[in-house]
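Me: I'd enjoy a friendly walk through this fold. Could you take my questions one by one?

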Amino acid sequence: EEATVSIKNVVAKSQLLNGKKTRNFHAKTHAGLMGSFKLDIKDELLSSLNPFPTGNLEVLARFSNAETKIVPDKLAMPAYGMSLKISDSSGFEANFPMVNFPVFITNSVSDLLKVVIAINDLTLKDLENESKILTGLDLVKNVAATMLHTGIFPLGDALKNGFKMKKDFVLNFAYHSIGCYRFGDAICKFRLLPLKNFKIENPEEITQQDCLKKTLAEEEVIFDLQVQICKDIEKQPI
């Protein structure tokens with residue numbers, strides 16, 4: 001509840017921050033793309049867990065940047081998101097928020113939400129020109145708690161791998177579902193894997209939106225939607 005209130009407060013004042021009302025995180029949308037989804041299941045286990053109906057399924061994908069503010073592409077971290085909606089005319093709808101960066105790098109959801117709240121408090125203090133010292137210390141405290149509960153080395157490895165990520169075209173990244181999904185007695189995570197790497201000249205000089213327009217005008221774009229199934233939490237920890 002505290003996180004929800006925190007997010008609502010930031011969204012309500014986001015117009016002061018960005019010139020328009022935006023989301024709390026993933027404030028900047030690069031593009032919304034439409035496509036189709038082809039079901040191709042070869043695995044017997046997956047067939048029994050398949051959540052998708054057969055027939056013609058449509059896809060709507062929203063590509064975004066993970067920043068809380070709208071910043072120029074040149075200054076943005078290479079942390080991107082794809083919000084994926086798969087639906088059909090009968091009313092079926094499945095939504096998957098996905099990211100190219102490891103969001104849940106801790107075993108404690110509580111720790112993560114406290115970090116989110118502290119970041120939002122800093123954003124609000126900045127907008128209201130208030131002292132940020134105490135809020136900054138609160139953020140440091142919550143990050144330290146996350147490190148304590150997760151372990152410095154696992155957390156360090158996750159962050160190191162994230163920071164090694166270089167700026168690239170949004171269609172060249174693999175995207176992972178933020179959360180886990182339960183189907184019967186199994187737990188699943190999803191991954192979107194691009195089947196092709198697109199070469200972009202002068203990536204620092206062209207916006208992601210222009211890259212998308214140019215690529216889609218010239219080439220076909222295909223992603224594999226893959227699923228990882230966990231039947232035993234001890235042998236296959238998520």
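Reply: Gladly! Helices (H or I, at least four residues) and strands (E, at least two) are taken as DSSP runs, numbered from the N terminus. Please keep in mind that this is a predicted model.

Me: How many helices and strands are there in the protein chain?
Reply: The runs are counted along the protein chain, using the definition above. That count gives seven helices and eight strands.

Me: Which strand pairs with β8, and over how many bridges?
Reply: Strand β8 covers residues 223–230, and its pairing with β7 is antiparallel. The partner strand is β7, and the pairing runs over eight bridges.

Me: What lies between β6 and β7, and which residue in the turn has a positive phi?
Reply: Strand β6 (residues 181–183) runs antiparallel to β7, with three bridges joining them. Phe183 stands opposite Ala186 in β7. The two strands form a hairpin with two residues between them, and the turn residue with a positive phi, about 65 degrees, is Gly184.

Me: Is His26 buried or exposed?
Reply: His26 sits in the loop between α2 (14–18) and β1 (28–37). Its phi is near 55 degrees, a positive value in a residue other than glycine. Buried means under 20% relative accessible area. His26 has 16% relative accessibility, so His26 counts as buried.

Definitions and conventions: Residues are numbered from 1 along each chain as its sequence is written. This is a predicted model: local features need pLDDT of at least 70, side-chain atom pairs count only at pLDDT 80 or more; totals for chains, interfaces and linings use all residues. Side-chain values use heavy atoms; hydrogens and water are left out. Buried means under 20% relative accessible area, exposed over 50%, partly exposed in between (1.4 Å probe, protein chains only). Two strands pair if DSSP finds at least two bridges between them.
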